[in-house]
Amino acid sequence: MTDATSGATARTVKKSAVQGSSRGRRIRWFRRISQTFFLLLFFFLFFQTEFRGAFDTTYSEIIRLQYPVSLFLEMDPLVAVSTALSTHAIYENVVLALIIIVGVILIGRFFCGWICPLGTLNHFFSSFKPERKGMKRIAANRYQKWMSIKYYLLFALIALSIFTSLQAGLLDPIPFLVRSLATSVVPAINVGIRESLDFLHSSNIGVLQSLADAGYLVLGSSILSYKPQYYHLAFVIGIVFLAVLVLNRFITRFWCRGICPLGALMGLLSRFAIFGMRKDHSRCDDCNLCTLHCQGACDPQGKVPWRQAECHLCFNCEGVCPQEAIRFEFFPDQDRKTVKIAPDLKRRRVIESFAAGVVALPLFRSSLGLAKNYDDRLIRPPGSLEEEEFLARCIRCGQCMKVCPTNAIQPAMFESGIEGVWTPMLVMRVGYCEYNCVLCGQVCPTGAIWKISEEEKLGKVPGQANSRSKAKPVKIGTAFYDRGRCLPWAMDIPCIVCEEFCPTSPKAIWVIDEDVTRSDGTVVRVQRPRVDVDRCVGCGVCENVCPVADRPAIYVTNIGETRSRTNQIRLESGAYN
Amino acid sequence: MSENKTDRRQFLERSARAGLAAVAATSAGIWLWSRSEHPHKTLSSAQVRSYAVKLPESVPEMAILTNGSPEQLVTEAVKAMGGMSRFISRGDVVVLKPNIGWDRVPQQAANTNPEVVRRVVELCFDAGAKKVIVTDVSCNDPRRCFQRSGIAAAAASAGATVLLPEERKFRDYRLNGELLSVWPIYTPIVETDKIINLPIVKHHNLSRVTMGMKNWYGILGGRRNQLHQNIDMSVADLATFIRPTLTILDAYRVLVSNGPQGGNLDDVRTMKTIAAGTDPVAVDAFGATLLGVSAEQLPYLTIARERGLGRTDFEQMRVERIDLGQDAPV
C-alpha cells in the first residue's frame with residue numbers, strides 16, 4: 001500500500017528527506033506484504049465461493065467447494081464474540097477467531113493494520129491521492145472525540161447479542177465487505193465487463209470476437225461468475241459500501257477509526273498488550289511526520305500520550321520519524337505521559353449505549369414479524385435454524401447468496417422484521433433450491449444455515465429437526481396452486497412443466513387426466529396438477545419454471561418448513577404430537 | 001451603458017461557433033430521428049439445418065444392439081452402421097448432444113449414460129474428427145448437471161471439449177416451424193460440421209416417452225417452459241429444423257416411471273440396449289417400444305412422418321439386430 005507522502009508542508013518535506021529508523025521501514029514493508037497477501041487471499045477465497053464445475057477427468061458425485069471460503073469470517077473475533085453471546089456456543093471453524101483474539105490480547109490491534117481486507121482497502125483509498133494533504137491531513141489525523149463512536153456502537157451491538165438479536169454483522173467489517181462485494185459490487189462489475197465483452201463480440205470482427213472470448217476465458221475463473229447474479233435492492237448495499245470508501249478521501253480510515261465495531265472490540269482487547277510504543281518525548285521536534293502517516297489516529301507524536309486502543313500497529317510512525325523518537329517494543333514503559341491504555345470512554349455513554357441496545361430489542365420485536373405470523377414468503381435456505389435461533393446466528397455476510405447456484409437466495413428487507421434486514425431468503429421467481437445442493441450450509445460460517453449433508457437434506461438419514469422420528473427430507477416450504485391462473489385448470493391448456501421439474505421421487509406434483517369441453521365445444525384431455533403436501537419440499541422449481549411468469553400459478557410459502565415447530569399444516573409434521 | 005467592445009473579428013468568430021454548434025445539434029437530432037423505427041430483431045434466416053450424410057444402400061438404416069457393456073454396445077452398433085468414418089470425415093468438428101438435463105447421477109438414468117458418451121467421443125476422434133464438442137442446455141443448473149451426470153468427466157477424459165451453455169452464445173434463429181417461429185438457439189450446437197444426437201429413453205408424463213426428437217429441446221434458450229402447451233408440435237418443429245448426422249439412442253438403463261427426472265432407482269430398468277440410426281423418426285419409434293408404447297401413440301412421431309422426416313414402421317426397414325449375449329456388469 002502506498003502511504004501519503006506528498007504535499008506536506010515545506011518543513012515536513014525537508015524533513016522527509018531524512019528517513020526514519022531502518023527497522024521501522026523494514027517492518028513497514030513486512031506490513032505492506034502482509035496486507036497485500038491477506039487482501040489477495042481474501043479475494044481468492046471470495047471468488048472461489050462459487051461452484052464453477054470441475055470438468056476434469058475425475059468424476060465426483062458430491063459437490064463441494066475446494067477451499068475454506070469462509071476463512072476470514074470464521075477468524076473474525078466479533079463474529080465469534082457476538083455469536084458466542086447470542087448462542088452460548090462457538091460454531092465449528094469460528095474457533096479460529098481465537099488466534100486473532102489471543103494475538104490482539106498479546107500485542108494489540110495488528111489485525112487492523114496487517115490482515116483486515118476492508119482495513120487494507122480503506123488504507124489504500126486513504127493514501128491514494130487524498131483530498132487533504134499537509135497540515136490539514138495532520139490535523140485530521142489527530143485523535144478526535146467522535147472516534148469513540150465505534151465503542152458505543154459495539155456496546156449496543158453486544159447488548160443486542162446478549163438478548164439473542166445478532167446485529168453485529170451489519171457493521172462488522174468482514175461480513176460488511178463480503179456482503180457488499182457479493183451482492184452489489186461484484187455483480188455490478190460483472191454487468192460492466194459482460195456488456196463490454198458482448199459489445200466487442202457483437203462487432204462481428206474476428207479479432208475483437210476472439211478478444212471477447214479470451215476475456216471470458218481469463219476472467220471466467222475469478223471475477224466473472226458463471227451467470228450474471230442479481231440481488232434485491234443491491235444498490236443500497238453498494239452505495240453504503242462506496243460511501244465508506246469515498247470517505248477515506250477526507251478522513252484517513254474513516255470507517256476503521258469511527259465506525260468499526262470489530263476495531264473497537266480489539267481496542268478493548270488490547271488493554272493488556274505486552275507490546276507497544278515507546279516514545280522519547282525529548283527527541284521529538286514536532287515535525288508531525290508520524291501523524292501525517294498515522295492510520296489509527298493514535299497520537300504517535302511526542303508530548304502527548306500514545307493511544308494504545310486506537311493504534312493499528314502500522315509502523316508508519318517508527319518508519320518515518322527522522323529523530324528515531326518512536327520505537328515499538330515488548331514491555332514498553334507504561335508511564336502516563338507516554339501511553340493512554342484504555343480507550344476514550346465516558347462511563348455515562350457506555351451505560352447509555354448498552355441500554356440503547358437493550359431497549360431496541362423489545363422495540364424491534366413489538367412489530368409484527370418474528371412474534372406473529374412472519375411473512376409467508378420468508379423462505380429460509382435449507383438447513384436454516386428456527387427463526388429466533390436463525391437471527392441469533394446470521395451475520396448477513398451474504399456467503400449463501402454468493403454460492404447459491406440459481407441466484408435464489410436474496411437479501412431480505414423487512415420480511416422477518418427490522419432484525420432480519422439483509423438476511424437470506426429464497427425468491428423463487430429468481431431461482432430455486434437445487435434439490436441435491438447443500439452449498440449454502442457449507443459456506444455459512446455461523447451455522448444459521450446448518451452444515452447439512454445431501455443425505456440429511458434428501459431425508460436419507462435423520463437430520464437436525466427430526467432426529468426423534470424417522471428420516472424426512474428438509475422442507476423449506478410448501479407449493480400451492482392458483483387454479484385461477486394455472487393453464488390446465490383455468491384455460492384447459494396442457495402444461496405440467498411444474499410436474500416435469502418436480503425433483504422428489506415419487507413426485508410431489510401429480511396429475512389427474514380430465515376430459516374437458518373447451519369454449520368451441522371440442523373435448524380435450526388435460527392433465528390437471530395437484531400438490532402432495534407430504535412429498536413437497538418447497539424447493540420452488542415449480543414456481544420458477546411456471547410459464548405464467550408474472551404471478552406464477554404455483555407458488556411456495558414457508559408453511560411446513562422443517563425448521564419450525566409451529567409453522568405447520570399437517571398434524572404429523574408439527575412438534576406437538 | 002458601457003461601450004460594446006465586440007469587434008468585427010470577434011463577431012464573425014462567435015457567430016461561426018454558435019452557428020456550427022446549432023447545425024451540429026440539429027443534424028445529430030435529425031439523424032437520430034431518422035433512425036427511429038419499429039423495434040425488431042435481426043435474425044438469421046436458416047430454416048433447416050441438415051448434417052446428414054449420403055450413405056450407400058448397403059448400410060442398414062438402424063442397428064439395434066443388446067446385452068453388452070455400454071462401450072461394447074456403442075462400438076458394435078456403430079460398426080454395424082458401417083463404421084464411424086461413414087459419418088465423420090477427417091477434420092470435422094463434431095457436436096455430441098447427449099441429454100444432460102438433470103442434476104442426477106448415472107444410476108438414476110435421467111441423463112445419457114456417460115460411458116456411451118465417452119465411447120462416441122473416442123470413435124469420432126478415431127474417424128479423424130478435429131474437435132468433438134459435448135454440450136447441452138440443461139434444465140437444472142448446468143454446472144451440477146454436467147458434473148453429477150458424469151458426462152463432463154467422461155467426455156473430457158476422452159479428449160472432448162465440454163461446453164457449459166452460456167447466455168451470450170445464444171442467437172435468435174428463424175425456425176419457421178408451424179408453431180415455433182423464432183427462438184434463441186445455443187449457437188455452438190448448430191455451427192458445426194456434424195451432429196450426433198445421443199438421447200436416452202425415458203418416461204415423460206406429458207409426451208409419454210422422451211427420446212431423440214425431444215432431445216432437441218436442449219438446443220433452445222428462452223421460454224422453454226411454454227413448449228409443453230403443444231409438446232407434439234414443438235418437438236416436430238425442432239426435428240424439422242435440425243437433422244442429425246446420426247442418432248445413437250441410449251437404452252442401457254431406462255427410466256420407466258417418474259420421468260424425465262426420476263431419482264428413485266426402483267424406477268430404473270437395465271435394458272442393455274443401444275440403437276443407432278440415420279432416421280431420427282425410426283429410432284424414436286423403436287425406442288418407444290421399449291416402454292411398451294407404439295409409434296401411433298406418440299403424435300409427434302405421426303407429425304414427423306407426415307412431414308417426411310422419417311418412417312415410423314422401423315420393422316419394415318433395413319434394421320440390423322445383434323445380441324452380444326453378454327452379461328455385462330450392471
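This is a tour of a predicted model, stop by stop, with something to select each time.

Two notes before you start clicking. Residues are numbered from 1 along each chain as its sequence is written, chains are lettered from A and ligands numbered from 1 in the order in which they are written, and side-chain values use heavy atoms, with hydrogens and water left out. Because the model is predicted, local features need pLDDT of at least 70 and side-chain atom pairs count only at pLDDT 80 or more, while totals for chains, interfaces and linings use all residues.

**Stop 1: the rings**

Over all chains, a search of the whole structure turns up 25 aromatic pairs. Rings of Phe, Tyr and Trp (its six-membered ring) pair if their centres lie within 6.5 Å; planes under 30 degrees apart are stacked, over 60 edge-to-face, and the rest tilted. Select A:Phe37 and A:Phe38: the ring centres are 5.1 Å apart and the planes sit at 75°, so this pair is edge-to-face.

Next, pick A:Phe44 and A:Tyr67, an edge-to-face pair with 4.9 Å from centre to centre and 75° between the planes. This pair links distant parts of the chain, 23 residues apart: A:Phe44 is in helix H2 (residues 22-47) of chain A, and A:Tyr67 is in the loop between H2 and helix H3 (71-74). Helices (H or I, at least four residues) and strands (E, at least two) are DSSP runs, numbered from the N terminus. A:Phe44 is partly exposed at 37%, and A:Tyr67 is partly exposed at 36%.

Now highlight A:Phe37, A:Phe38, A:Phe42, A:Phe43, A:Phe46, A:Phe47 and A:Phe72 together; ring pairs link them into a cluster.

**Stop 2: a charge over a ring**

Select A:Arg32 and A:Trp29. The arginine lies over the face of A:Trp29, 4.5 Å from the ring centre. To count, NZ of Lys or CZ of Arg must be within 6 Å of the ring centre and within 35 degrees of the ring normal.

**Stop 3: the largest pocket**

Go to A:Asn544, B:Val137, B:Ser138, B:Cys139 and B:Gly222. Of the 50 residues lining the largest pocket, these are the closest to its centre. The pocket holds about 1,300 Å³ of space. On a 1 Å grid over the protein atoms alone, a pocket is an open set of points with protein on both sides within 12 Å along at least five of seven lines, a cavity is a set where a 1.4 Å probe fits but cannot get out, and lining residues have an atom within 4 Å of a point. Grid points are joined across faces, edges and corners, and a volume is the space filled by probe spheres set on the points.

Which element gives the most to this lining? H23(A), with 3 residues. Domain 2 (173-247) and domain 3 (387-573) of chain A both give residues to the lining, so the largest pocket lies between them; the domain bounds come from an automatic or database domain assignment.

**Stop 4: the second largest pocket**

Select A:Arg52, A:Gly220, A:Ser221, A:Tyr226 and B:Leu164, the closest to the centre of this pocket among its 37 lining residues. Its volume is about 1,100 Å³. H10(A) supplies the largest share of the lining, 5 residues.

**Stop 5: the largest cavity**

There are 15 cavities of 30 Å³ or more in the whole structure, and the largest has about 120 Å³ of space. Its 14 lining residues include A:Glu50, A:Ser225, A:Gln229, A:Tyr231 and A:Lys402, the closest to its centre. Here too, H10(A) gives the largest share, 4 residues.

**Stop 6**

Most residues other than glycine have a negative phi, and most peptide bonds are trans. Select A:Ser505 and A:Pro506: a cis peptide bond joins them, with omega about 0°. A:Pro506 is in the loop between H23 and strand S8 (509-517) of chain A. In chain B, the bond from B:Gly259 to B:Pro260 is cis, with omega near 0°.

Finish with A:Lys129, where phi is positive, near 45°. A:Lys129 lies in the loop between helix H7 (117-127) and helix H8 (134-140) of chain A, and is exposed, at 60% relative accessible area.

Key
Buried < 20%, exposed > 50% of the residue type's maximum accessible area, 1.4 Å probe, protein only.
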